[in-house]
Amino acid sequence: MLIAGVGKRTESMREHLETMWKYASLLFIENGYHVFLAKKLKLETSEAIEALKYTIAFHDLGKLFFQEELRERGVAPFHEIYSVASLDSSKMNINYKLCRNILTAILLHHHAMRSLLEILKTNYACRSTLKEHIEEFMGLVREVLGISVPLKNGVVYGEAVCVDVSEIKSLIVGENYLRNYVDSLLLLYPLVVVDNIAAYVNRESGRAEEVRVVFARIAYKVEIESKRVAEEVKRKILGL
């Protein structure tokens with residue numbers, strides 16, 4: 001069983017993905033967020049839903065490389081970096097701009113825990129995982145979200161993932177960086193909300209009737225943190 005996180009109880013990756021998609025549908029899609037997203041990103045509504053699925057499906061892909069640490073200590077430091085480093089954007093059946101938005105949202109989904117400067121200045125060890133973990137994850141994503149996982153060829157066959165920080169930096173401060181940052185926040189917002197709700201429900205045994213209160217609290221936190229990260233991009237990385 002692949003582990004997504006540990007709290008009062010261990011949350012499996014299946015539970016995490018299923019619960020995230022459940023609340024993405026309940027709190028966002030049923031309230032027309034995908035229509036708003038499509039309008040803002042100039043997409044068809046079906047493409048907007050697919051973008052939400054991609055963002056949810058792949059945000060914790062990097063945890064496959066930390067299964068032992070999760071079992072022993074409940075940690076997966078910088079797993080979001082390995083999520084991005086494992087994906088082959090050329091295999092995503094979407095345009096590059098949207099792909100970049102998705103990868104940036106995944107990269108930033110723990111921005112409350114670590115700064116962008118810390119992400120760019122960290123030295124990352126190459127990490128590998130069992131081929132069985134890759135196969136299990138790909139099967140889960142197909143079953144729960146109905147999409148394929150566009151992994152780099154080497155990862156599919158069990159090769160180690162090595163992080164190229166220059167690729168990570170190009171996502172944040174590359175061409176048209178401000179437009180990408182603004183657009184990625186539209187995906188980051190629902191991602192962080194349903195990610196935290198899933199962890200609360202599954203790891204902390206939170207009751208379903210409490211979820212809307214948690215949603216409101218997380219939504220406010222995301223808004224505050226997003227503003228903080230925007231200022232950090234300007235000051236520390238862009239020098240503005």
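Glutamate 15 touches Arg9, Thr10 and Asn202, leaving out residues up to four places away in sequence; contact here means heavy atoms within 4.5 Å. This glutamate is found in helix 1, and its C-alpha atom is separated by 8.0 Å from that of alanine 198, 183 residues apart along the chain. At 24% relative accessibility, glutamate 15 counts as partly exposed; buried means under 20% relative accessible area, exposed over 50%, and partly exposed in between, with a 1.4 Å probe and protein chains only.

You are looking at a predicted model, in which local features need pLDDT of at least 70 and side-chain atom pairs count only at pLDDT 80 or more, while totals for chains, interfaces and linings use all residues. Residues are numbered from 1 along each chain as its sequence is written, and side-chain values use heavy atoms, with hydrogens and water left out.

**Overall layout and confidence**

- The protein has twelve helices and two strands; helices (H or I, at least four residues) and strands (E, at least two) are DSSP runs, numbered from the N terminus.
- Along the sequence, the pattern reads β-β-α-α-α-α-α-α-α-α-α-α-α-α.
- Of the 240 residues in the protein, 53% are buried.
- Among contacts between residues at least 6 apart in sequence, 77% join residues at least 24 apart.
- The average pLDDT, the predictor's confidence in each residue from 0 to 100, is 86 for the protein, and 85% of the residues score at least 70.
- Confidence is highest in helix 3, at 96, and lowest in helix 12 (residues 211-237), at a mean of 58.

**Helix 1**

- Buried residues of helix 1 include Met13, His16, Leu17, Met20, Trp21 and Leu27.

**Helix 8**

- Helix 8 takes in residues 131-145, and its 15 residues reach 21 Å from first C-alpha to last, close to the 21 Å expected.
- Its buried residues are His133, Ile134, Phe137, Met138, Leu140, Val141, Val144 and Leu145.
- Seen down the axis of helix 8, these buried residues fall within an arc of 160°, so they line one face of the helix; the arc is that of the directions from the helix axis to the C-beta atoms.
- An α-helix has 3.6 residues a turn, so residues three or four places apart point the same way.
- Glu132 and Glu143 are exposed on the other side of helix 8.
- The buried residues of helix 8 pack against helix 1 (13-27), helix 3 (45-58), helix 4 (67-73) and helix 9 (153-156).
- Glycine 146 follows helix 8 and has a positive phi, near 70°.

- Phenylalanine 78 has a phi near 60°, a positive value in a residue other than glycine.
- Phenylalanine 78 sits in the loop between helix 4 and helix 5 (79-86), and is buried, with a relative accessible area of 14%.
- Asparagine 176 also has a positive phi, about 55°, although it is not a glycine.
- The loop between helix 10 (165-173) and helix 11 (177-203) holds asparagine 176, which counts as exposed at 54% relative accessibility.

- Serine 83 lies in helix 5 and is buried, with a relative accessible area of 0%.
- Not counting residues up to four places away in sequence, serine 83 touches Phe58, His59, Asp60, Leu61, Gly62 and Ile106.
- Aspartate 183 is in helix 11 and counts as buried at 2% relative accessibility.
- Beyond its neighbours within four places in sequence, aspartate 183 is in contact with Leu41, Lys97 and Asn101.

**The second largest pocket**

- The second largest pocket has a volume of about 250 Å³. A pocket is an open set of points on a 1 Å grid over the protein atoms alone, where a 1.4 Å probe fits, with protein on both sides within 12 Å along at least five of seven lines; lining residues have an atom within 4 Å of a point. Grid points are joined across faces, edges and corners, and the volume is the space filled by probe spheres set on the points.
- The second largest pocket is lined by 17 residues, of which Val84, Leu87, Leu103, Glu167 and Leu171 lie nearest its centre.
- Helix 5, helix 6 (96-107) and helix 10 each supply at least two residues of that lining.

Technical notes. Expected span 1.5 Å × (residues − 1).
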